[in-house]
Amino acid sequence: FVAVSPICTHRGCTVDVHGERLVCPCHGSKYDRSGAVLKGPAQRALTRYTVERSGSVLTILIQG
């Protein structure tokens, strides 16, 4: 399991899910489901969060 921030690293817009891709509606950056940049203008991957699984419970750890 992978948890990523929905905030585009280019200008802070919220990305949309399009099948296996995450797409920024503001400037067209595309990411894969693990947050890696597939197409700019974004140059940095989406922020990834640690995920812990205990049985059927997933916990997303967000440091703040």
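A: Ser5 sits in the loop between S1 and strand S2 (16-18). Strands here are DSSP runs of E with at least two residues, and helices are runs of H or I with at least four residues, both numbered from the N terminus. The model is predicted: local features need pLDDT of at least 70 and side-chain atom pairs pLDDT 80 or more, while totals for chains, interfaces and linings use all residues. Residues are numbered from 1 along each chain as its sequence is written, and side-chain values use heavy atoms, with hydrogens and water left out.

Ser5 counts as buried because its relative accessible area is 7%; buried means under 20%, exposed over 50% and partly exposed in between, with a 1.4 Å probe and protein chains only. A polar atom of the Ser5 side chain lies 3.1 Å from the backbone nitrogen of Ile7. Neighbours within four places in sequence aside, Ser5 is in contact (heavy atoms within 4.5 Å) with Leu46, Thr47 and Tyr49.

Tyr49 also takes part in strand pairing: Tyr49, in S6, is the bridge partner of Ala3. S1 and strand S6 (residues 48-54) pair in the antiparallel sense over two bridges; two strands are taken to pair if DSSP finds at least two bridges between them. Strands of a sheet pair through backbone hydrogen bonds, either parallel or antiparallel. The open sheet has three strands in the order S1-S6-S7, with antiparallel pairing. Its edge strands, S1 (3-4) and S7 (57-61), each pair on one side only.

Leu46, a contact of Ser5, belongs to the largest nonpolar core, which has eight residues: Cys8, Cys13, Val15, Leu22, Cys24, Tyr31, Ala42 and Leu46. Such a core is a set of buried Ala, Val, Leu, Ile, Met, Phe, Trp, Tyr and Cys residues joined through side-chain atoms within 4.5 Å.

Buried residues make up 25% of its 64 residues. Of the contacts between residues at least 6 apart in sequence, 29% join residues at least 24 apart. The C-alpha atoms fill a box of roughly 40 × 30 × 15 Å, taken along the principal axes.

Conventions:
A polar contact is a pair of N or O atoms within 3.5 Å; within protein, one must be able to donate a hydrogen and the other to accept it, and residues adjacent in sequence count only if both atoms are side-chain atoms.
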